[in-house]
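Please look through the structure below with the text alongside.

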Amino acid sequence: IIIFGLHGYYKQVLDLLIARKFIYFDICCKFVRHNLDIVKNKNNTNYFIIGNENHMEIKYLLSFLDKNYLVNNYEKLDKNKNYVLLNQTTMSIDTYDSCLDKLHNFIKNKERNICVEPAKRYEIFKKHLLNNTYDYVFLVGDKTSANTNNLLEIYYKTTKNNNISIVTTLNEVEKNNFNNVGKVLVLSGTS
């Protein structure tokens, strides 16, 4: 039995499992699945994809596309073509909107496909940072996680401070010097 992850899988792996008659469970996130449904229903369409090419979610989409796509390559947009926009679902709304500003002449669909949970965390975090002063912030999450790094980016854009650590273990927390630290915010990424 094979269980696929939330951020997708390679089409070649799926094809192999089907050919060998393996039992598999696809628990792919509904937002990620939505992007794949768009790809499957719009053959021979031009796609513009915004997101991290090294993120499994983007690799997943690309494995289902043979051609006709650009990833974050604004310079190669062709004014004579219409593009369908796909995005990494864990990106922040601010990042999405910033990318959309560059694409308004090329994109026919402007459907925002952002996963609810990271988006909620981004807004809560921003609100906390704007309305409170913290001596230190701990982000609990994987250092390679897109949404944890988005939270880090929000921190730097909102506070201009450097009093933050991404941690995954109690040992990492204990390494910090807490002299003169009063108020601490702890927030987790979704990965």
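Two strands count as paired if DSSP finds at least two bridges between them. The model shown here is predicted. In it, three strands form an open sheet in the order β7-β6-β8, and their pairing is parallel. At the edges are β7, residues 164-167, and β8, residues 184-188, each of which pairs on one side only. On average, and with direction ignored, neighbouring strands of this sheet are turned by 20 degrees against each other.

Strand β6 covers residues 136-140, and four bridges join β6 to β7 in the parallel sense. Within this pairing, Phe138 stands opposite Ser165 of β7. Helix α5, residues 116-131, packs on the sheet and touches β6 and β8. The direction of α5 makes about 170 degrees with that of β8. Helix α6, residues 146-159, lies across β6, β7 and β8, and runs at about 175 degrees to β7.

Which residues have the most contacts inside the largest nonpolar core? They are Val39, Tyr47, Ile49, Tyr60, Phe64 and Leu86, in a core of 23 residues. At least two residues of this core come from each of α1 (11-19), α2 (30-41), β3 (46-50), α3 (56-64) and β5 (83-87). Another core, of 15 residues, lies apart from the largest one, and among its members are Phe48, Ile50, Leu100 and Ala119.

Technical notes
Residues are numbered from 1 along each chain as its sequence is written. This is a predicted model: local features need pLDDT of at least 70, side-chain atom pairs count only at pLDDT 80 or more; totals for chains, interfaces and linings use all residues. Side-chain values use heavy atoms; hydrogens and water are left out. Axes are lines fitted to C-alpha atoms, for helices over the stretch in contact, and angles run from 0 to 180 degrees between N-to-C directions. Contact means heavy atoms within 4.5 Å. A nonpolar core is a set of buried Ala, Val, Leu, Ile, Met, Phe, Trp, Tyr and Cys residues joined through side-chain atoms within 4.5 Å. Buried means under 20% relative accessible area, exposed over 50%, partly exposed in between (1.4 Å probe, protein chains only).
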